[in-house]
Amino acid sequence: MNNAQPDNTHIQQKDELRYLFVKVGHDHFGIPIDSVKEVIELVETTMVPMCSDVIRGVINVRGSVIPVLDLQRRLGLKLTTPYDKYSCIVLYDFYDHSLEESMTLGMLVNSVVSIEFIDLSNLESSPSFGSNIPRHYEWKMAKINNKLTTLLDIAKVLNVNEINSSLKHEQEQFFIDYCQR
Amino acid sequence: MSIDLSSAIATFVTESKELLQEMENGLLDLESETSEEHANEIINALFRAIHTIKGSAGIFDFEHVVTLTHIAETLLEDARNGNLQLDKELISLYLETRDATESLIVLAAAETEPDQALLNKVNNLVSCFSKYIDAENNQIIHQDAASSSSEGTLDNERWILFFVPNENVLRNGLDPYSFIHYLDSETSNLVVNTWVEAMFGPHHFDPESNYLSFVLSFDSDKTENEILDVFEFIQSEAYIAVLPPKGNIDVLKHSIQKYQDFDFITDALRKADSSFADIVKLLNCDATDTNDPVPAVPEGPVPPAASKIHKSKTLRVEALKLDRLIDQVGEMVITGARTNLLAHETGNETLIEAMALLERLVENIRDSSLKLRMVQIGETFNKFKRVVRDIADELGKQVDLTIIGAETELDKTFVEKVSDPLMHIVRNAIDHGIEDPETRLAQGKPEQGQLTLKAYHDSGSIVIEVSDDGKGLDQEKILKRAIDRGLISSSQTLQEKDINLLIFEPGFSTAESITNISGRGVGMDVVKRNIDSLRGSVEVESVQGEGSTILIRLPLTLSIIDGFMFEVHKENYVIPLDTVVECLELHEVVSEQDIQDKSYINLRTEVLPFIRLRTLFGIEEQIDHTRESLVIVQFGTLRAGLVVDSLKGEFQTVVKPLGRLFEGLKCISGATILGSGNVAIILDVSALIKSAISVYEALEKKH
């Protein structure tokens, strides 16, 4: 993280942002690359019982257990594409300010596309309506070679508190379904 | 040249804190101690503690500490000699001294000057002590005057000094020789008589033990106190008595008893002072005449090893190092499991056998390293003696604290985290639970309230119970208050145990007035939060008018558990092994038709409700009834069955946290990494069953 700091200012000076472009469903989305720890191939995940399908499961990364989010489900895409041999897990390291804790989460994406340098002048605001993902997940649109790509507001996408409370609710529902059966 | 003393000071602070804690326990025990022998033992321990602190504080020039402990020690010495009875008032005085000393030490170690309030307190204490000491001295002077006027003076011309160091002086770093040498430089014509016989006794000779006792005689024009000062540092480790010229016969008689050999002492006295011959003769016949009961006494000083207060040898280790060790052992367990798996794949018999042996060793290492973290809860419980005493005094109530199961061991992390909640519960019990003496008498209860702290193991968990015989919880009042505060709605109907649990809600208090001790409504919610964070649970049992009991249930350890693994829909799950009662083939105990529309079985004429995990986890696909297995689990009084796909057996489980994302998810208590590298989820059996029960109950009410 410390190494990223001078890099970051360097990039700022050049009015440039670095993004990792991934394919989720049929669309491309940008993830800020500074906090991407690594990208690994899709390994078998362990299901966490009584969780919504936003949670793909947990995996073992060199001795620590890391939760993996299914990004298609998390972004609420209506049409989902099955994951295949090109699918990857993006390990994302971040510091959650509300929890005052740094943590690692995995995001399952259909494939990794490219790393892009985005000039600040090529940023446009996201559409006021008509997008296929909830608007608060979008930060900006990047214009590269006359093609628009949504840059994700990763703090919103990986809002641990929000996911946690929805998981709790979900679990309750599993019990109610079981008992009503 | 300056020496860095900071680490030495840190050690001194921790050591002093321990000694002061010991001192506090001793004082509190003393209050209830009836046997004189035990009381003396405790006083000796107190004395040692104060003395050690004084000595060490002297090294670091902690002036205030030395002043206070010195005077406290002086008065205690009187108590030790039996001239002074430690009554309740004095014990309170010593308890205050203990607190003041602790604050002084902490301040001194931080190189801060104590503030005026503390200094005033110290001065107060010092003057209180001096009052006692003056009163004592007057008494002694009177006694002395009375006895010296009688015939009991001797006609010796030389000073005689009786010096019997006890067995442990050398071990404690004191060499009697240096004191004698110093005495020699201070006085003239020193004659030393040494009794060495004990060295050739029947016991094995221990080079670190002291076997010698001395009779010294010399000429000097110094006062008795000046002579005694020579031996000041060894005072607590030896019997020392000075017989000045024309001394008191009582001193002589008393001292002679300290020596193990009567012939030696008469001989030594004769050598010590030629004018003494007659006295020795006189004493000789005196001894044969009247000392019939005495020979039993002069068995020499009782070695401190016989002390009842058990001292186990301990080693101080940084907690962080222990944590690291346990982490590493955890990794070893996982890697061991993986290696074992690989060994089995090769089919090499010798390799598998060697692996099995290795596995067993790893298991032993795991158990012993986990035990390193286990501490007895007694230490925490003992703290409450003081708390109970102080709070009860403040409220004018009488409370007797009983401690049961102090030897129960639990993880050190728990001990730290459980101490705060216990404090709140105990305060609450005394403030709200136990009535004042008048009310108690009016209700036909004994004047003194009973408070019990109890710890024990129960089916894979540790239970800590705090019970009082006070007025119990007033459920109507709790309900009313909860509705007032908007914690529940008035239309809600709650079960008795749920009403009791309302007292743990934040901001809840039924006390009409806020006291110093409790009533602000913070506190009990801390209890719930802390216990929850340890994956424990709290229960309240209460009978109005008869008292209440709060039960805290904690898991045994946090990091490595013995697990039991089973499979549901191709995923592995682990539950703590000690919750498992038995495992059965489902089709052997019940036919498929019998459980089509219900979730309980008749197991050996007992009703056993069960949860089919496959269905609970929302897996549509069914498997054949004959392939299903039943795991019967028990948590406290709850017993239920879990229907699973297949059994995998016992498995050493290193608990890995699942992180914030899954925090607060009731039924999932963590994850573990299997030998294959895959992850398995650890299920919280009790939460699983409890959730099922509460959801069933909630649904019942709707219908």
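The following exercises, each with a worked solution, concern a predicted model.

**Exercise 1. Describe the overall make-up of chain B: how many helices and strands are there, and what percentage of its residues count as buried?**

Solution. Begin with the secondary structure: chain B holds 21 helices and 21 strands.

**Exercise 2. Determine how helix 1 and helix 4 of chain B are oriented to each other, and list the residues that make the contact.**

Solution. Step one is the geometry. Helix 1 (residues 6-32) and helix 4 (residues 88-109) of chain B have axes that come within 10 Å and cross at roughly 170 degrees. Angles over 145 degrees count as roughly antiparallel, and the two helices of chain B are therefore roughly antiparallel to each other.

Step two is the list of residues. Helix 1 of chain B contributes B:Ile9, B:Val13, B:Ser16, B:Lys17, B:Leu20, B:Met23, B:Glu24, B:Leu27, B:Leu30 and B:Glu31. From helix 4 of chain B come B:Lys88, B:Ile91, B:Tyr94, B:Leu95, B:Arg98, B:Thr101, B:Glu102, B:Ile105, B:Val106 and B:Ala109. By class, the residues of this contact between helix 1 and helix 4 of chain B divide into 12 nonpolar, two polar and six charged.

Step three examines one residue, B:Leu95, which is placed in helix 4 of chain B. Leaving aside neighbours within four places in sequence, B:Leu95 is in contact with B:Glu24 and B:Leu27. The C-alpha atoms of B:Leu95 and B:Leu27 are separated by 7.4 Å, although the two residues are 68 apart along the chain. B:Leu95 is partly exposed, because 18 other C-beta atoms lie within 10 Å.

**Exercise 3. Compare two further helix pairs of chain B, helix 11 with helix 12 and helix 14 with helix 18: at what angle does each pair cross?**

Solution. Consider helix 11 (residues 319-346) and helix 12 (residues 349-372) of chain B, whose axes come within 10 Å and cross at roughly 165 degrees. That makes helix 11 of chain B roughly antiparallel to helix 12 of chain B. Their crossing is left-handed. The contact of helix 11 with helix 12 of chain B has 15 nonpolar, six polar and two charged residues.

Helix 14 (residues 412-433) and helix 18 (residues 524-533) of chain B pack at an angle of about 150 degrees, with their axes 9 Å apart. Helix 14 and helix 18 of chain B are therefore roughly antiparallel to each other. The crossing of helix 14 and helix 18 of chain B is left-handed. In helix 14 of chain B, B:Lys417, B:Asp420, B:Pro421, B:His424, B:Ile425 and B:Asn428 meet B:Met524, B:Val526, B:Val527, B:Asn530 and B:Ile531 in helix 18 of chain B. This contact of helix 14 with helix 18 of chain B comprises six nonpolar, three polar and two charged residues.

**Exercise 4. Which residues of helix 6 of chain B are buried, and which are exposed on the other side?**

Solution. In helix 6 (residues 176-186) of chain B, the buried residues are B:Pro176, B:Phe179 and B:Leu183. They cover an arc of only 60 degrees around the axis, which puts them on the same side of helix 6 of chain B. An α-helix has 3.6 residues a turn, so residues three or four places apart point the same way. Exposed on the other side of helix 6 of chain B are B:Tyr177, B:Ser178, B:His181, B:Tyr182 and B:Ser185. The cover over the buried residues of helix 6 of chain B includes strand 1 (159-165), strand 2 (188-195), strand 3 (213-219) and helix 7 (224-230) of chain B.

**Exercise 5. Characterise the side of chain B that touches chain A: which elements give two or more residues?**

Solution. First, 30 residues of chain B are in contact with 30 residues of chain A. The elements of chain B that give two or more residues to this side are helix 20 (613-616), strand 20 (668-673), strand 21 (679-683) and helix 21 (685-702). Helix 21 of chain B gives the most, with five residues. By class, the side of chain B that touches chain A divides into 17 nonpolar, seven polar and six charged residues.

Key
Residues numbered from 1 in each chain as written. Chains lettered and ligands numbered in written order. Predicted model: local features only at pLDDT ≥ 70, side-chain atom pairs only at ≥ 80, totals over all residues. Axes fitted to C-alpha atoms, helices over the stretch in contact; angles between N-to-C directions. Helix = DSSP H or I, 4+ residues; strand = E, 2+ residues; numbered from the N terminus. Parallel < 35°, antiparallel > 145°, perpendicular 65-115°, else oblique. Left-handed = near helix turned anticlockwise from the far one by under 90°. Nonpolar A, V, L, I, M, F, W, Y, C, P; charged D, E, K, R; others polar. Buried ≥ 20, exposed ≤ 12 C-beta atoms within 10 Å, placed from the backbone. Arc of directions from axis to C-beta. Contact = placed C-beta atoms within 7 Å.
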